[in-house]
Amino acid sequence: MASLRQLEYLVTVVDTGSFTRAAEQLHVTQPALSHQMRALEQTVGGPLLERLPRAVRLTPMGRAMLPHARATLADAERARCAARQAGGLMAGELLVATVYSVSLGVLPPALRVWRRERPEVDVRLFEYRHADELREAMTAGEADVAVGPVPEGWDGPVREIGTEDFVVVLPTDGNKSEQGPDGTVDLATLADCAWVHYAPGHGLAELVDRACADAGFRPRPAVRTEQTAAAPILAAAGLGPALVPANVLPPRFEGRVLRPSTPVRRRLVAYTRPGPDPLTSGFVDVVAEHATV
């Protein structure tokens with residue numbers, strides 16, 4: 001039977017991409033790490049990692065085992081926390097997974113309320129680029145609750161938070177001919193512009209592409225960014241229009257902000273695995289009431 005330590009070694013080797021770096025992080029010698037990995041492979045009956053000259057690569061068996069290894073380690077950590085809480089050694093910890101834009105614009109008010117009401121509960125925030133990565137993390141047991149776009153085919157509780165509105169950001173000194181009298185803009189009037197876009201694999205990149213396709217064009221990127229918060233700043237600086245969640249704009253933002261004439265929106269939810277504990281359910285209640293959408 002695989003031990004927790006062996007599973008931790010496997011996950012660390014994969015996450016660091018190197019036996020050398022994994023050994024340093026785990027504070028063990030590389031021969032000891034290699035020995036434990038060989039023992040784990042003997043236990044499961046085949047190779048989990050392919051040792052390449054400059055990296056390691058998961059085999060099909062390794063790819064099948066990795067999410068279960070992560071889930072087992074997460075369960076063990078939750079069991080440790082529960083035991084320490086029962087013994088009065090700690091008050092508890094909540095693992096919250098979300099996507100970049102939601103952690104920036106939606107969650108802060110809810111986290112502020114939660115911290116005020118439950119100061120004894122630590123919150124660990126895990127942020128992902130895409131809703132699919134968020135769902136996979138929850139499936140693997142890496143968090144207690146997820147906050148983000150609606151997950152497809154989720155079999156646990158899903159709580160509606162609200163609908164997130166998107167706005168177009170433009171420089172204040174730019175051409176204002178595309179602006180309607182009601183403070184809106186038809187995305188089609190921006191078809192010839194080079195856009196501030198999001199990096200491939202970022203969930204908002206798909207949203208922008210879809211909104212522009214509905215307007216009859218494909219956006220041409222002037223620059224791509226991983227950071228949701230950078231997009232409106234780059235747009236205000238004159239690099240091109242950007243489509244951003246309205247709730248990420250800071251107070252006294254200097255750019256020109258217009259609403260798309262055809263609204264661009266995204267439903268947001270909080271979801272858990274079946275049978276969430278009272279702490280997790282309480283956090284979902286706070287998010288549903290106090291998140292900014």
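**Close-up views of helix contacts and pockets**

**View 1. The second largest pocket and the elements around it.** Helix H4 (60-86) is the element that gives the most to the lining of the second largest pocket, contributing six residues, and the structure shown here, as in every view below, is a predicted model. The volume of this second largest pocket comes to about 460 Å³. Its lining is formed by 14 residues, and those closest to the centre of the pocket are Arg 70, Leu 73, Ala 74, Glu 77 and Arg 124. At least two residues of the lining are supplied by each of three elements, namely H1, helix H4 (60-86) and strand E4 (122-128). When the lining of the second largest pocket is sorted by class, seven residues are nonpolar and seven are charged, while no polar residues are found there.

**View 2. The largest pocket and its lining.** The largest pocket of the predicted model has a volume of about 640 Å³. It is lined by 32 residues, of which Glu 206, Leu 207, Arg 210, Arg 265 and Arg 266 lie closest to the centre of the pocket. Two or more residues of this lining come from each of helix H5 (100-105), helix H7 (131-139), helix H8 (203-214) and strand E12 (265-272). Among the contributors to the lining of the largest pocket, H8 gives the most, with seven residues. Sorted by class, the lining of the largest pocket holds 15 nonpolar, six polar and eleven charged residues.

**View 3. Helix H1 against helix H2.** Helix H1 (residues 4-16) packs with helix H2 (residues 19-26) at an angle of about 125°, and the axes of the two helices are 8 Å apart. Because of this angle, H1 is described as oblique to H2, and the crossing of the two helices is right-handed. On the side of H1, the contact is made by Glu 8, Tyr 9, Thr 12, Val 13 and Thr 16, and on the side of H2 by Phe 19, Arg 21, Ala 22, Gln 25 and Leu 26. Taken by class, the residues in the contact of H1 with H2 are five nonpolar, three polar and two charged.

**View 4. Helix H1 against helix H3.** The axis of H1 also comes within 9 Å of the axis of helix H3 (residues 30-44), and the two cross at roughly 110°. H1 and H3 are therefore roughly perpendicular to each other. H1 takes part in this contact through Gln 6, Tyr 9, Leu 10 and Val 13, whereas H3 takes part through Leu 33, Gln 36, Met 37, Ala 39 and Leu 40. The contact of H1 with H3 is made up of seven nonpolar and two polar residues, with no charged residues in it.

**View 5. Helix H6 against helix H10.** Helix H6 (residues 107-117) and helix H10 (residues 278-290) cross at roughly 130°, with their axes coming within 8 Å. That angle makes H6 oblique to H10, and H6 passes H10 in a crossing that is right-handed. The residues of H6 that make the contact are Leu 107, Pro 109, Ala 110, Leu 111, Val 113, Trp 114 and Glu 117, and those of H10 are Leu 279, Gly 282, Phe 283, Val 286, Val 287 and His 290. By class, ten residues of the contact of H6 with H10 are nonpolar, two are polar and one is charged.

Notes:
Residues numbered from 1 in each chain as written. Predicted model: local features only at pLDDT ≥ 70, side-chain atom pairs only at ≥ 80, totals over all residues. Heavy atoms only, no water. Axes fitted to C-alpha atoms, helices over the stretch in contact; angles between N-to-C directions. Helix = DSSP H or I, 4+ residues; strand = E, 2+ residues; numbered from the N terminus. Parallel < 35°, antiparallel > 145°, perpendicular 65-115°, else oblique. Left-handed = near helix turned anticlockwise from the far one by under 90°. Contact = heavy atoms within 4.5 Å. Nonpolar A, V, L, I, M, F, W, Y, C, P; charged D, E, K, R; others polar. 1 Å grid on protein atoms, 1.4 Å probe; cavity = no way out; pocket = protein on both sides within 12 Å on 5 of 7 lines; lining within 4 Å. Points joined across faces, edges and corners; volume = space filled by probe spheres on them.
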